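Student: I should like to work through this model by question and answer. Please begin with the terms on which the surface values rest.

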Amino acid sequence: MSVFASSRFLPRVMWADAASCAGTGIVQLAFTQPLAGVTGLPSSLLAGTGLFLLAYALAAGWMARRQPAPRTLIGLVALSNLGWALACAVLVWGSSLVLSGWGVAWVAVQAVVVLVLADLQWMGLRATRQVALHGQQAAA
């Protein structure tokens, strides 16, 4: 059995997603002004996305606790993570903001983390697809 097909894999990935969102959200809210000064990101953007990330972390934690894992919701989270990475790219290369090197790094690290999480979520969903289909057939 593949590690990706383990019944514990998707919940663990969702806990990692929840932890990364909570950590980033807390930092952005607790240090909004200093972070804005160092990165060149607007404080309103940092505070707004910080609040969003905390709410997102709660939702990801809720999904991580569900048995069986809510596959459709996790698929939406994976798509959302891809969207977040795209938004990060637009923020760095397509906006009129003048970010410092630290600002580019702050946004780039977020993009890389969510891309890795999205990939892990997709791998887990693909690996457990047959198991989920057999469970649905057995219940019918």
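Tutor: Accessible areas come from the Shrake-Rupley method with a 1.4 Å probe, and for residues only the protein chains shown count as cover. The model is predicted: local features need pLDDT of at least 70, side-chain atom pairs count only at pLDDT 80 or more, and totals for chains, interfaces and linings use all residues. Residues are numbered from 1 along each chain as its sequence is written, and side-chain values use heavy atoms, with hydrogens and water left out.

Student: What share of the accessible surface of the protein belongs to carbon and sulfur atoms?
Tutor: The C-alpha atoms fill a box of roughly 55 × 25 × 25 Å along the principal axes. The accessible surface of the protein comes to about 8000 Å². The share belonging to carbon and sulfur atoms is 71%.

Student: Which pattern does the protein follow along the sequence?
Tutor: Helices (H or I, at least four residues) and strands (E, at least two) are taken as DSSP runs, numbered from the N terminus. On that basis the protein has 6 helices and 0 strands. Read along the sequence, the pattern is α-α-α-α-α-α.

Student: Which residues have the most contacts inside the largest nonpolar core?
Tutor: A nonpolar core is a set of buried Ala, Val, Leu, Ile, Met, Phe, Trp, Tyr and Cys residues joined through side-chain atoms within 4.5 Å; buried means under 20% relative accessible area, exposed over 50%, and partly exposed in between (1.4 Å probe, protein chains only). The largest such core has 27 residues, and α1 (9-30), α2 (32-39), α3 (43-65), α4 (71-93) and α5 (101-127) each supply at least two of its residues. In soluble globular proteins, nonpolar side chains tend to be buried together. The residues with the most contacts inside this core are M14, L41, I74 and V107.

Student: Which residues does Q121 contact, leaving aside its neighbours within four places in sequence?
Tutor: Q121 is found in helix α5. Its relative accessible area is 0%, so Q121 counts as buried. With those neighbours left aside, Q121 is in contact with L10, V13, M14, D17, I74, V77, A78 and N81.

Student: Why is the pair of F52 and W84 called stacked?
Tutor: Rings of Phe, Tyr and Trp (its six-membered ring) pair if their centres lie within 6.5 Å; planes under 30 degrees apart count as stacked, over 60 as edge-to-face and the rest as tilted. F52 is partly exposed, with a relative accessible area of 42%. The ring centres of F52 and W84 are 5.7 Å apart and their planes lie at 10 degrees, so the pair is stacked.

Student: Which residues form one aromatic cluster?
Tutor: The count comes to 2 aromatic pairs. The rings of F52 and Y56 have centres 5.7 Å apart and planes at 40 degrees, so that pair is tilted. Both F52 and Y56 lie in helix α3, 4 residues apart, about one turn of the helix. The cluster is formed by F52, Y56 and W84.

Student: Against which helices do the buried residues of α3 pack?
Tutor: The expected span of a helix is 1.5 Å times one less than its number of residues. The 23 residues of α3 should therefore span 33 Å, and its end C-alpha atoms are 33 Å apart, which agrees. Its buried residues include L46, L53, Y56 and M63. The buried residues of α3 pack against α1, α2, α4 and α5.

Student: How many disulfides does the structure hold?
Tutor: A disulfide is a pair of cysteine sulfur atoms within 2.5 Å. The sulfur of C88 is 11 Å from the closest cysteine sulfur, in C21, too far for a bond. C21 is buried at a relative accessible area of 6%, and C88 counts as buried at 7%. The number of disulfides is 0.

Terms used
Contact means heavy atoms within 4.5 Å.
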